[in-house]
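Here are my notes on the model, as numbered points. Please read them with the coordinates open.

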Amino acid sequence: YAPSDAFLEALVLANVTMPIEFGDFLSRLLTRYRIVIGPEEVRTAFNVKSSALPAPLADLKENERRMEDRLRVLGFLDRKSDDCAFVINPFHDTKTANNGATQLVDA
């Protein structure tokens, strides 16, 4: 399955109000929508205790990498120099969000 750009944008806009680590974003998608992207989400979703996963590890890592690349191209991901990636919502006003309001910035 290859999610459309509009679907990825909707996921970010519905779930990100301030920068969030990419792994935490994937965990949120699993919790809220049961969307499984990478190996950690597979372990959680299928309650896997061993190293054996129900899908090839290389395929899961590739799936996670493709998701990250797509979010980056769409402008929803910022990779820092310390190799940490953050999912961002460029339409959300963090100043307003820090004051407790949940308004979006006019685009």
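1. Start with the helix that holds leucine 29. This residue is found in helix H2, residues 22-33. Helices here are DSSP runs of H or I with at least four residues, and strands are E runs of at least two, numbered from the N terminus. The model is predicted: local features need pLDDT of at least 70, side-chain atom pairs count only at pLDDT 80 or more, and totals for chains, interfaces and linings use all residues. Residues are numbered from 1 along each chain as its sequence is written, and side-chain values use heavy atoms, with hydrogens and water left out.

2. Is leucine 29 buried or exposed? Leucine 29 counts as buried because its relative accessibility is 0%. The cut-offs are under 20% relative accessible area for buried, over 50% for exposed and partly exposed in between, with a 1.4 Å probe and protein chains only.

3. Next, the surroundings of leucine 29. Leaving aside residues up to four places away in sequence, leucine 29 touches Leu11, Asn15, Arg34, Ile35 and Met67. Contact means heavy atoms within 4.5 Å. Valine 12 is 17 residues from leucine 29 in sequence, and their C-alpha atoms are 9.7 Å apart.

4. Now the charged pairs. Side chains of opposite charge can pair when their charged atoms come close. The whole structure has 8 salt bridges, each a side-chain nitrogen of Lys or Arg within 4 Å of a carboxyl oxygen of Asp or Glu.

5. Check helix H4, residues 57-74, which holds both arginine 66 and glutamate 62. They sit 4 residues apart, about one turn of the helix. Their salt bridge has its closest N and O atoms 3.3 Å apart. Arginine 66 is exposed at 55% relative accessibility. Glutamate 62 is partly exposed at 28%.

6. A second pair belongs to helix H4. Arginine 65 and aspartate 69 form a salt bridge at 2.4 Å, N to O. Why about one helical turn between them? Arginine 65 and aspartate 69 are 4 residues apart in helix H4, so about one helical turn separates them. Arginine 65 is partly exposed at 39% relative accessibility, and aspartate 69 is partly exposed at 26%.

7. Treat these pairs together. A network of salt bridges links Glu62, Arg65, Arg66 and Asp69.

8. One more pair to inspect. Arginine 79 forms a salt bridge with aspartate 83, with 2.8 Å between the closest N and O atoms. Arginine 79 is partly exposed, at 38% relative accessible area. Aspartate 83 counts as exposed, at 58% relative accessibility.
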